[in-house]
Amino acid sequence: MKALFNLLLLFLLVSCSKEAPVSLVKSPPRLNVNDSLAVLSIYQKMTDFKPGKDNFKTEGELKYELDTLHNEYRVVSLEISEITKDCIFPEELRQLTELRKLSFLEGTLYGSIPPWIGELKKLQSLVLMRVKLTGSIPMEITELTELKKLRIAEVDLSGKLPNGLYRLSKMENLVLTQTKIGGEIPKELGQLKKLEFCILSQNQFEGMFPIEFAMSCKYVIECDNNNITELPFEIWRDDLPGYPPMLTNNRLSGKIPDWVLKTKKWKDYGFVVEQQQDGFGYVNFKR
């Protein structure tokens, strides 16, 4: 009902003439015209939204904040939780220059994440889940330096993580799961000092897990069900910060050094490397 009320209000505000007579009394704030037109177009492209119809219905969230300087409301949060029409990333998003949160959850959103995503400079949260996106994560996503939350899940994105992720210095919550993204996990993720929650499960990451990343995170990094082949044994040292990442169902192999088996970290967290893919695993793993 809240989303319904907000969008009905939006429609009414847009329908008002911009040529209203000047009054000596300060007029009440209204919704920014460009924002309102952009949002209406986005909803019409992605959902069954029909303004003014009795069967009007929408799912998701639309929020505004008052720009006191211009006495108008700006769209700061847009979430569509059920995309019912075949569509690509709507270019009208580029007009929402005050957007802080963007979420597309479930439905027929095709194509790729456009490079112009980097124009949404104030974006703090980007969530893309259970949609039909393909291609790779564009380099321009590293220009979203206000980003605190990035969640991409259950999509067919491929390629590698873009270089320059260290620029996202405010990142607190990073979830990338059930995709086709692979390659090595960049050690520069260790520069994300505010990162508190990280899930990289069910992708196609390979090679060595960077110890710099594991040492920087405040909690265990979930990186199960990938193709990681090596975890530096140094991460098990009790005098080093960080936690060994969850690496079950990867491709770790070889022999665990005796000194590792004597550490407190091993006693507390050895289970994170126990089960590996068929044909892989440490030859002397014991719990």
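Colleague: How many salt bridges does the structure hold?
Modeller: This is a predicted model, and in the pairs counted here a side-chain nitrogen of Lys or Arg lies within 4 Å of a carboxyl oxygen of Asp or Glu. By that criterion, the number of salt bridges that the structure holds is 16.

Colleague: Which parts of the chain does the salt bridge between Glu-92 and Lys-45 tie together, and how far apart in sequence are they?
Modeller: The side chains of Glu-92 and Lys-45 meet with an N to O distance of 2.6 Å. Glu-92 lies in the loop between strand S4 (83–87) and strand S5 (101–105), while Lys-45 belongs to helix H2 (residues 33–46), so the bridge ties that loop to that helix across a sequence separation of 47 residues.

Colleague: Are Glu-92 and Lys-45 buried, partly exposed or exposed?
Modeller: Buried means under 20% relative accessible area and exposed means over 50%, with partly exposed in between. Glu-92 has a relative accessible area of 14%, and is therefore buried. Lys-45 has a value of 43%, which means that Lys-45 is partly exposed.

Colleague: By about how much of the helix are Asp-268 and Lys-264 separated?
Modeller: These two residues form a salt bridge whose closest N and O atoms are 2.5 Å apart. Asp-268 is partly exposed, with a relative accessible area of 35%, and Lys-264 is exposed, with 54%. Because they stand four residues apart in helix H5 (residues 264–269), their separation is about one helical turn.

Colleague: What span does H2 reach from its first C-alpha to its last?
Modeller: At the start of H2, a side-chain oxygen of Asn-32 comes to within 3.0 Å of the backbone nitrogen of Asn-34. The buried residues in H2 include Asp-35, Val-39, Leu-40 and Tyr-43. With 14 residues and 1.5 Å a residue, the expected value is 20 Å, and the helix is close to this, its span being 20 Å.

Colleague: How many disulfides does the count give, and which cysteine sulfur is nearest to that of Cys-198?
Modeller: A disulfide needs two cysteine sulfur atoms within 2.5 Å, and the count by this rule comes to zero. Cys-198 is in no disulfide, and the nearest cysteine sulfur, 5.8 Å away, is that of Cys-217.

Colleague: Which cysteine sulfur is nearest to that of Cys-223?
Modeller: Cys-223 is buried, with 0% relative accessible area, and Cys-198 is also buried, at 2%. Cys-223 takes part in no disulfide, and at a distance of 7.9 Å the nearest cysteine sulfur is that of Cys-198.

Colleague: Which residues does Thr-248 touch, leaving aside those up to four places away in sequence?
Modeller: Thr-248 is placed in the loop between strand S13 (227–230) and strand S14 (253–254). Its relative accessibility is 16%, so Thr-248 counts as buried. With those sequence neighbours left out, the residues touched by Thr-248 are Asp-224, Asn-225, Phe-271, Val-272, Glu-274, Gln-275 and Gln-276.

Notes:
Residues numbered from 1 in each chain as written. Predicted model: local features only at pLDDT ≥ 70, side-chain atom pairs only at ≥ 80, totals over all residues. Heavy atoms only, no water. Buried < 20%, exposed > 50% of the residue type's maximum accessible area, 1.4 Å probe, protein only. Helix = DSSP H or I, 4+ residues; strand = E, 2+ residues; numbered from the N terminus. Expected span 1.5 Å × (residues − 1). Polar contact = N/O pair within 3.5 Å; in protein donor to acceptor, adjacent residues only side chain to side chain. Contact = heavy atoms within 4.5 Å.
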